[in-house]
Amino acid sequence: MVTKVCKDCKKEFECPKTTRYPRKYCDKCSAQRKKDYEKIHLITVDECED
């Protein structure tokens, strides 16, 4: 296991040493990002920045 630092919350987490795609986020932040991404089709043009 390798100890890494989450890019969102800056907490340390462990992940397997040999992975095809190394993780950047802890389990909590990863779940939140997945949940937000599933709702991406609900964003309207008015909510976007210029």
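**A walk around the model**

Author: Let me start with K4, which counts as partly exposed at 26% relative accessibility. Please keep in mind throughout that this is a predicted model.

Reader: Where does K4 lie, and what is it in contact with, leaving aside its neighbours within four places in sequence?

Author: K4 lies in strand β1. Leaving aside neighbours within four places in sequence, K4 is in contact with K11, E12, F13, C15, P22 and R23. For P22, which is 18 residues away along the chain, the C-alpha atoms of the pair are separated by 9.7 Å.

Reader: Stepping back, how many helices and strands are there, and in what pattern do they follow along the sequence?

Author: The protein has 1 helix and 2 strands, and reading along the sequence gives the pattern β-β-α.

Reader: What is the radius of gyration beside that of a compact globule of 50 residues?

Author: The protein has a radius of gyration of 15 Å, whereas a compact globule of 50 residues would come out near 10 Å. Along its principal axes, the C-alpha trace spans about 45 × 20 × 20 Å. As for contacts between residues at least 6 apart in sequence, 2% of them join residues at least 24 apart.

Reader: What share of the residues is buried, and which residues make up the largest nonpolar core?

Author: Buried residues make up 10% of the 50 residues. The largest nonpolar core consists of 5 residues, namely C6, F13, C15, C26 and C29. If you look at C26 and leave aside its neighbours within four places in sequence, you will find it in contact with C6, C9 and F13. In soluble globular proteins, nonpolar side chains tend to be buried together.

Reader: Where is Y37 placed, and is Y37 buried or exposed?

Author: Y37 is in helix α1, which covers residues 27-38, and Y37 is exposed, with a relative accessible area of 60%.

Reader: Changing topic to charges, how many salt bridges does the count come to?

Author: The count comes to 2 salt bridges. One of them joins the side chains of D8 and R33, with 2.9 Å from N to O.

Reader: Which parts does that pair tie together?

Author: D8 lies in the loop between β1 (2-5) and β2 (12-15) while R33 lies in helix α1, so the pair ties together parts that are 25 residues apart in sequence. D8 counts as partly exposed at 39% relative accessibility, and R33 likewise counts as partly exposed, at 40%.

Reader: Which side chains meet in the salt bridge with R23?

Author: The side chain of R23 meets that of D27, again with 2.9 Å from N to O. R23 is partly exposed at a relative accessible area of 29%, whereas D27 counts as exposed at 57%.

Reader: One last thing, about K10: what is its phi, and where is it placed?

Author: Phi of K10 is near 65°, a positive value in a residue other than glycine. K10 sits in the loop between β1 and β2, and K10 is exposed, with a relative accessible area of 59%.

Terms used: Residues are numbered from 1 along each chain as its sequence is written. This is a predicted model: local features need pLDDT of at least 70, side-chain atom pairs count only at pLDDT 80 or more; totals for chains, interfaces and linings use all residues. Side-chain values use heavy atoms; hydrogens and water are left out. Helices (H or I, at least four residues) and strands (E, at least two) are DSSP runs, numbered from the N terminus. Buried means under 20% relative accessible area, exposed over 50%, partly exposed in between (1.4 Å probe, protein chains only). A nonpolar core is a set of buried Ala, Val, Leu, Ile, Met, Phe, Trp, Tyr and Cys residues joined through side-chain atoms within 4.5 Å. Contact means heavy atoms within 4.5 Å. The radius of gyration is taken over C-alpha atoms; the globule rule is 2.2 Å times the number of residues to the power 0.38. A salt bridge is a side-chain nitrogen of Lys or Arg within 4 Å of a carboxyl oxygen of Asp or Glu.
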